[in-house]
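Here is a protein model to explore step by step. Keep the sequence and the 3D view side by side as you read.

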Amino acid sequence: MRALFLPLLLLFSAGPAGAFLFGGAQEEKAAVGLAQMRSAFEAGDCASVLKLSETFLNEKPPLAMRGEAYGYIGRCYESAGSADKAISLYTLALGFYPENILFASRLALIYDQAGFPEKAAPLFLKVLAVKTDDLEANLGLARAYASLGFLSRAKDFYSRTVILQNFLDAVALKEYALCMLRKRDWPEALFIAKMGAQAAPRSAFWPLVEARVSAGQGNYYKALSAVEAAILLEPSRQLRLERSLYLLLGGLPGRAADAADSELAADGKDPLASAVKGMALYSLGQKSEAAPYFLAARCGGPFTAKIAGAFLPAGGAEGACKK
């Protein structure tokens, strides 16, 4: 009897054992493929990663292995400039791994860079719900909110970002300062300007921020002093023209006209210099002399065209501009 049952026992156990052995071999093969992809990715060889991925995914590897592979494939799509493929892959991956913040983070960054902050913001929030000190997510969410015009929310996440960076990253500090200027949050803009100046004392950007804060508060003499400090650090036409505006707004039209003349001597068609010169002459009561400068200013961008339209008679700002 025992001799009869032994072959039957072996027969019944052969099926599951064989299946187990086959599955183990298949999983082992997938593990080798994943290791090859990992090595290629770490070596920066995305062509090999994408080539290996085809064989790897055809083997139907376990879900955990696929998740790691999706991370390599997605970032290689990004490196290749295939944003659409990366978006499709990360969206698919998020369906399988909703708690994996790598996929949410990468997808959010792509959307933010592509100009879709409304899609990026909830994904960055998803990352921060898991990891509150994630630097990329804090900065990305600040940028997304700033793009959407939610400046108070942007302030919160810019603040977290620069604190995490110990106020050392010039790019984030500049973005934060510009956001606060848009928000007209003068105290915060000044605070960031001081921190930025400590990190980069030779940068003209920080006294320029101080100048714009003072101008926003109506203190044009203080703005003039700050923009002159910026010019000393980094002379530029743009800064000199901004200085001429502060001279004009500060009630010094004669000096503003002279400053505009200096720039017009270098480029007689400069629309902003023309606008400043026109406004200075107008302030001095020389309206007819101002008109040609407003006509020149109308061919600039929206800002100078709007100024020209305010000073020229009805219909005077119309007509073609010579290129």
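In which helix is the place of threonine 161? Threonine 161 is in helix H8. Keep in mind that this is a predicted model. Is threonine 161 buried or exposed? Its relative accessibility is 0%, and buried means under 20%, so threonine 161 counts as buried. What does threonine 161 touch, leaving aside its neighbours within four places in sequence? It is in contact with Leu135, Asn138, Leu139 and Ala172.

Now look at the whole of helix H8. This helix covers residues 151-164, which makes 14 residues. At 1.5 Å a residue, H8 should span 20 Å.

Which residues of H8 are buried? They are Leu151, Ala154, Phe157, Tyr158, Thr161 and Val162. Look down the axis of H8, and these buried residues fall within an arc of 135°. They therefore line one face of the helix. An α-helix has 3.6 residues a turn, so residues three or four places apart point the same way. What do the buried residues of H8 pack against? Their partners are helix H6 (117-130), helix H7 (135-148) and helix H9 (170-183).

Next, leave the helix and follow the chain. H8 is followed by asparagine 166. This residue is in the loop between H8 and H9. Its phi is positive, about 55°, although asparagine 166 is not a glycine. Asparagine 166 has a relative accessible area of 53%, and exposed means over 50%, so this residue is exposed.

Move on to the loop between H9 and helix H10 (186-199), where arginine 184 is found. Arginine 184 is a residue other than glycine, and its phi is also a positive value, near 60°. Arginine 184 is exposed, with a relative accessible area of 52%.

Turn now to the aromatic rings. How many aromatic pairs does the structure hold? There are 13. One of them joins phenylalanine 41 and tyrosine 72. Their centres are 5.0 Å apart, with 35° between the planes, and the pair is tilted. Why does this pair tie together separate parts of the chain? Phenylalanine 41 lies in helix H1 (residues 2-42), while tyrosine 72 lies in helix H3 (residues 63-79), so the pair ties together parts that are 31 residues apart in sequence. Phenylalanine 41 counts as partly exposed, at 23% relative accessibility. Tyrosine 72 is buried, with a relative accessible area of 10%.

A second example is the pair of phenylalanine 205 and tryptophan 206. Their ring centres are 4.8 Å apart and their planes are at 85°, so this pair is edge-to-face. Phenylalanine 205 is buried, with a relative accessible area of 17%. Tryptophan 206 is buried as well, at 2%.

Ring pairs can also link up. They join Tyr70, Tyr90, Phe96, Tyr97 and Phe103 into a cluster.

Finally, look for charges over rings. The charged end of lysine 174 sits over the ring of phenylalanine 205, 5.4 Å from its centre. Phenylalanine 205 is thus a ring to revisit, with tryptophan 206 as its pair partner. Elsewhere, lysine 119 lies over the face of phenylalanine 116, at 5.4 Å from the ring centre.

Note on methods
Residues numbered from 1 in each chain as written. Predicted model: local features only at pLDDT ≥ 70, side-chain atom pairs only at ≥ 80, totals over all residues. Heavy atoms only, no water. Phe/Tyr/Trp six-rings, centres within 6.5 Å; stacked < 30°, edge-to-face > 60°. Helix = DSSP H or I, 4+ residues; strand = E, 2+ residues; numbered from the N terminus. Buried < 20%, exposed > 50% of the residue type's maximum accessible area, 1.4 Å probe, protein only. Lys NZ or Arg CZ within 6 Å of the ring centre and 35° of its normal. Expected span 1.5 Å × (residues − 1). Arc of directions from axis to C-beta. Contact = heavy atoms within 4.5 Å.
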